[in-house]
Amino acid sequence: MHFREHLRRQGRKGFHAPLNSGCLEGVTRGILMEIAPEAGVSVLEQSLRPEDLYSADEVFISSTNRNLISVCEIAGNIIPTRGLVCERLNELFDAYVTDYVSRRLASAAR
């Protein structure tokens, strides 16, 4: 799990841990940073404590081979909202990848 983001309904802000905290600077993470505003989410980097995650409206992780995955519980703490923003970001991520592949194929066919 290299990308943790929690979203608060107030202002729809997404927070993720900075790279110097041990997160990997992956392609999926980079795309999410780019497309989050399309989902109405501003993304901020800041150090996160377990308590920040426990009190979040939504928590999800990203992975190169699984895209985004909602987190329902952390150390016995139930996360109240499950997947609303994660689902929207997954849709935007899929559209981004589809568009990217289409452009690459069109470019290679010339």
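Is Arg49 buried, partly exposed or exposed in this predicted model? With a relative accessible area of 49%, Arg49 is partly exposed, where buried means under 20% relative accessible area, exposed means over 50% and partly exposed lies in between (1.4 Å probe, protein chains only). The model is predicted, and local features need pLDDT of at least 70, side-chain atom pairs count only at pLDDT 80 or more, and totals for chains, interfaces and linings use all residues. Residues are numbered from 1 along each chain as its sequence is written, and side-chain values use heavy atoms, with hydrogens and water left out.

The structure holds 4 salt bridges, a salt bridge being a side-chain nitrogen of Lys or Arg within 4 Å of a carboxyl oxygen of Asp or Glu. Among them is the pair of Arg49 and Asp52, whose side chains meet at 3.1 Å, N to O; Asp52 is buried, with a relative accessible area of 12%.

Another salt bridge joins Arg29 to Glu45, with the closest N and O atoms 2.9 Å apart. Because Arg29 lies in helix α1 (residues 27–35) and Glu45 in strand β3 (residues 42–45), this pair ties together parts that are 16 residues apart in sequence; helices (H or I, at least four residues) and strands (E, at least two) are DSSP runs, numbered from the N terminus. Arg29 is buried at a relative accessible area of 7%, whereas Glu45 is partly exposed at 45%.

Within helix α3 (residues 84–109), Glu91 and Arg88 lie 3 residues apart, about one turn of the helix, and form a salt bridge whose closest N and O atoms are 3.5 Å apart. Glu91 counts as partly exposed at 42% relative accessibility, and Arg88 counts as partly exposed at 34%.
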